[in-house]
Amino acid sequence: MDLPRTPSFRLEGRRAFVPGGSRGLGLGCAVALAEAGAEVVIAARSADAVEAAAAAMREAGHAATGVALDVTDLAAVDAFLDGEAPFDILCNAAGVARHGPALETEPDDFDAVAALNLRAAYFLAQRVARGMDRGGSIIQISSQMGHVGGVDRAVYCATKHGVEGMTKAMAIEWGPRDIRVNTICPTFIRTPLTAATFADPERRAWIDEKIKLPRVGEVEDIMGAVVFLASEASAMVTGTSLLVDGGWTAG
Ligand SMILES: NC(=O)c1ccc[n+]([C@@H]2O[C@H](COP(=O)([O-])OP(=O)(O)OC[C@H]3O[C@@H](n4cnc5c(N)ncnc54)[C@H](OP(=O)(O)O)[C@@H]3O)[C@@H](O)[C@H]2O)c1
């Protein structure tokens, strides 16, 4: 009797591009992909930070390089991609938040958050997908705030709900080319992005009440999800989101 075999979670022979990979969730994604065998290129604006992260990964035995790149600059993204072999995996973790009451949102804040979280995410996916002639996996680090609302988070929620929508539409268009498009939707995870929120006692109480598990998220909590979505283990998964939210959106 032939038993079914678990598809591989390994990523040897794959090239992964991880914008936002110099710290926080993006660095977790980059390390997870490299530990699974992928060759990883991380990108961020700070040349020092991106090189330090890539060097630490190489010291740990991973195949990693870093590039200083502002992903909101489409011409710079194109110039970078033109000089690279095609990527099999895009894991986009470059993101920003400017939280505040919706009645007080300034257009500049809206534009800055949308430029990175939505516009850059859209065109990164488009540009990397154009080169994916042997299929591939596109993973956007979205948020639980792509599925629910949150106080002081109207702009952030708008961009993350937008990421969820474009992910579904891209999955429909690119499925025939065997390009899968998905999001990972984390809850609050300790990173530089969330330090101010965690430091606010009122917000901290809100977080503790909404997460059903008895702790907040850590970077390691999304690392398995990234490997799953990047690998053959998720070969039939596209146009959806993997909520790593500790039960936040369950109710
Ligand atoms: N932390 C959480 O609790 C949480 C929860 C849900 C979703 N998320 C999402 O996860 C993603 C990563 O969040 P994080 O907490 O890891 O944030 P983070 O610690 O602030 O890291 C953000 C990363 O993006 C890079 N970046 C920012 N602007 C960029 C640009 N214009 N071009 C290229 N790279 C840029 C940063 O490097 P430079 O500043 O040097 O460019 C850094 O590497 C975001 O999309 C965020 O919305 C986070």
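## The largest cavity

Val-71, Thr-72, Leu-74, Val-77, Ala-115, Arg-119, Ala-120, Phe-123 and Leu-124 line the largest cavity of this structure, which is a predicted model. By class, this lining consists of 7 nonpolar residues, 1 polar residue and 1 charged residue. The space inside the largest cavity comes to about 60 Å³. When the whole structure is searched for cavities of 30 Å³ or more, 1 is found.

Two helices, α3 (74-82) and α4 (107-130), each provide at least two residues of the lining of this cavity. The greatest contribution is that of α4, with 5 residues.

## The largest pocket

The volume of the largest pocket is about 920 Å³. Its lining is made up of 45 residues, and those nearest the centre of the pocket are Ala-93, Ala-94, Gly-95, Val-96 and Leu-193. Sorted by class, the lining of the largest pocket has 21 nonpolar, 18 polar and 6 charged residues.

Several helices and strands take part in this lining. At least two residues each come from α1, β2 (39-44), α4, β5 (136-141) and α5. With 4 residues, α4 gives the most to the lining of the largest pocket, and α4 also gives the most to the lining of the largest cavity.

## The ligand and its shell

The largest pocket is where the ligand sits. Around the ligand there are 29 residues, and the ones that come nearest are Ser-22, Leu-25, Tyr-156, Ile-189 and Thr-191. This shell divides into 14 nonpolar, 11 polar and 4 charged residues.

Two helices, α1 (24-35) and α5 (154-174), each contribute at least two residues to the shell around the ligand. The helices α1 and α5 also each supply at least two residues of the lining of the largest pocket.

## Polar contacts and cover of the ligand

For Leu-25, a backbone N or O atom is 2.7 Å from an oxygen atom of the ligand. For Arg-23, the atom concerned is a polar side-chain atom, at 3.1 Å from an oxygen atom of the ligand. For Thr-187, a backbone N or O atom lies 3.4 Å from an oxygen atom of the ligand. On its own the ligand has 880 Å² of accessible area, and the protein covers 95% of this area.

## The second largest pocket

The second largest pocket holds about 220 Å³ of space. It is lined by 13 residues, of which Arg-14, Gly-135, Gly-136, Asp-178 and Glu-232 are the closest to its centre. The lining of the second largest pocket has 3 nonpolar, 4 polar and 6 charged residues.

## Summary

How values were computed. Residues numbered from 1 in each chain as written. Predicted model: local features only at pLDDT ≥ 70, side-chain atom pairs only at ≥ 80, totals over all residues. Heavy atoms only, no water. Near = heavy atom within 4 Å. Polar contact = N/O pair within 3.5 Å; in protein donor to acceptor, adjacent residues only side chain to side chain. Areas by Shrake-Rupley, 256 points an atom, 1.4 Å probe, with all protein chains shown as cover. 1 Å grid on protein atoms, 1.4 Å probe; cavity = no way out; pocket = protein on both sides within 12 Å on 5 of 7 lines; lining within 4 Å. Sits in = over half its atoms within 2 Å of the grid points. Nonpolar A, V, L, I, M, F, W, Y, C, P; charged D, E, K, R; others polar. Points joined across faces, edges and corners; volume = space filled by probe spheres on them.
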